[in-house]
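Colleague: Please take a close look at one part of this model for me. I would like the helix packing and the ligand site treated together.

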Amino acid sequence: MIVKPRIRGFICTTAHPTGCAAHVSEQVNYVNEMTPISSGEFKNVLVLGCSGGYGLASRIVASFGCGANTLGVSFEKAPSETKTGSQGWYNNAAFEKQAKAAGLYAKTMDGDAFSDAMRAQVLDTIRADMGKIDLVVYSLASPVRQHPKSGVLHRSSIKPLGEVLSIKTVHVEKGEVSEVNLEPATAEETENTVTVMGGEDWEFWMQALIDADLLAPQAKTVAYTYIGSELTWPIYWEGTLGRAKSDLDRASQAIGENLAAIGGDSRVAVLKAIVSQASSAIPVVPLYVALLFKAMKDQGLHEDCIAHIHRLFATQLKSGADMRLDDAGRIRVDDLELSQPVQDIVKQRWPEVTTENLSELGDLAGFREDFLKIFGFGIDGVDYEAPVSPLSIEPQA
Ligand code: NAD
């Protein structure tokens with residue numbers, strides 16, 4: 001079949017099999033062209049949320065930059081004869097193919113990472129295939145979590161706290177800038193968001209690995225967070241998601257204490273804003289990202305997902321690194337996004353931006369390009385007019 005993007009709001013319901021594979025190859029090639037980060041430090045890496053965005057980039061950097069064997073966990077929709085699967089399904093297949101070709105172990109478990117059943121399967125696989133884990137990357141982003149103990153299905157809300165928030169946003173498809181009124185979250189919605197996106201699940205994973213004695217001496221773990229600029233704080237850092245991310249800070253502290261016995265380390269890493277399936281769903285963020293990308297590109301400071309994670313591993317996670325930590329002990333690699341020359345421009349343009357001048361002041365085109373790339377569209381060298389099988393990442397003969 002010929003696969004075209006079918007966009008519904010902030011999701012695309014189709015994914016291009018060979019396009020996704022080419023997108024993975026682009027990222028692998030980027031890492032292969034850089035100086036190797038380390039060899040032997042990260043032998044076995046577990047990536048929770050491995051199929052897209054920052055988790056996939058982490059898996060690629062761990063494997064191709066550090067020579068690591070990787071076990072990944074993600075939640076995917078498999079394709080059928082007539083329907084494409086989720087982008088992550090193709091990304092995982094493409095990653096495994098490339099890693100194996102490079103002589104690296106790569107296995108992906110498809111299912112609910114929040115469940116005890118998945119944890120048990122992962123522990124069994126580590127025991128059988130890998131030995132001990134040196135690094136756990138926690139990169140899950142989900143709107144729902146079924147609690148493994150209570151069975152209750154919790155839903156997150158992306159809302160401000162306290163009062164109605166009147167703020168600028170953009171309709172990504174139409175390119176229209178407007179003011180929206182966002183209702184504040186109830187206490188229950190806030191609590192549910194913390195249950196879904198907070199640190200409890202990360203703690204469950206780390207405790208299970210400790211209890212099973214599957215962590216190597218000096219093992220590290222990192223979970224990803226976003227703080228961003230004051231412009232987005234009312235909807236992000238000071239909203240429900242920020243509450244959840246603060247809980248990640250709490251969890252990191254607790255995990256760090258539990259890892260002390262093996263000389264391990266637990267960190268939250270503050271990353272820059274990129275376009276991902278998860279971030280596209282947050283109101284206001286696409287407008288901020290459009291202005292940010294323009295300022296960062298104009299100043300030669302732009303990093304895409306893979307470049308950013310490569311810098312995280314090469315300058316922060318590697319042993320002996322001169323770590324850039326904030327007062328809360330978080331790793332800060334959002335320094336370029338938050339640098340004064342970038343933020344000065346973004347903050348100056350924020351009140352000025354309108355539907356009419358958005359293409360001049362911002363880079364909505366770059367946002368849209370990155371959005372399509374998530375689903376394997378708009379990748380150089382891919383023939384989008386050629387028929388492909390939804391069941392395979394190989395081009396059709
Ligand atoms: P993403 O949507 O690209 O990836 C999320 C991953 O989680 C996917 O692999 C998905 O399959 C997996 N997942 C979701 N629910 C799952 C479940 N129940 N079981 C197993 N796997 C599941 O997201 P992303 O933007 O890369 O976000 C990853 C992390 O990085 C998040 O913690 C996010 O807050 C953080 N972060 C993102 C940005 C950004 O701009 N996108 C910036 C800073 C930090």
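Modeller: This is a predicted model. Start with α2 and helix α9, residues 305-317. Their axes come within 9 Å and cross at roughly 55°. The crossing of α2 and α9 is right-handed.

Now follow α2 to the ligand. Helix α2 spans 53-66 and supplies at least two residues of the shell around the ligand. Strand β11, 215-225, also supplies at least two. The shell counts 30 residues around the ligand. By class, 14 are nonpolar, 12 are polar and 4 are charged. Ser-51, Tyr-54, Ala-113, Lys-245 and Ser-276 come nearest to the ligand.

Next, the polar pairs. Ser-276 uses its side chain: an N or O atom there is 2.5 Å from an oxygen atom of the ligand. Ala-113 uses its backbone, with an N or O atom 2.8 Å from a nitrogen atom of the ligand. Tyr-224 also takes part through a polar backbone atom, 3.3 Å from an oxygen atom of the ligand. On its own, the ligand has 840 Å² of accessible area, and the protein covers 91% of that.

One further helix pair is worth a look. Helix α1, residues 17-33, packs with helix α3, residues 87-101. The angle is about 50°, and the axes are 8 Å apart. That makes α1 oblique to α3. The crossing of α1 and α3 is right-handed.

To recap the site: α2 crosses α9 at roughly 55°, and α2 is one of the elements that supply the ligand shell.

Key:
Residues are numbered from 1 along each chain as its sequence is written. This is a predicted model: local features need pLDDT of at least 70, side-chain atom pairs count only at pLDDT 80 or more; totals for chains, interfaces and linings use all residues. Side-chain values use heavy atoms; hydrogens and water are left out. A residue is near a molecule or strand if one of its heavy atoms lies within 4 Å of it. A polar contact is a pair of N or O atoms within 3.5 Å; within protein, one must be able to donate a hydrogen and the other to accept it, and residues adjacent in sequence count only if both atoms are side-chain atoms. Accessible areas come from the Shrake-Rupley method with a 1.4 Å probe; for residues, only the protein chains shown count as cover. Helices (H or I, at least four residues) and strands (E, at least two) are DSSP runs, numbered from the N terminus. Ala, Val, Leu, Ile, Met, Phe, Trp, Tyr, Cys and Pro count as nonpolar, Asp, Glu, Lys and Arg as charged, and the others, Gly among them, as polar. Axes are lines fitted to C-alpha atoms, for helices over the stretch in contact, and angles run from 0 to 180 degrees between N-to-C directions. A crossing is left-handed if the near helix is turned anticlockwise from the far one by less than a right angle, and right-handed if clockwise. Angles under 35 degrees count as roughly parallel, over 145 as roughly antiparallel, 65 to 115 as roughly perpendicular and the rest as oblique.
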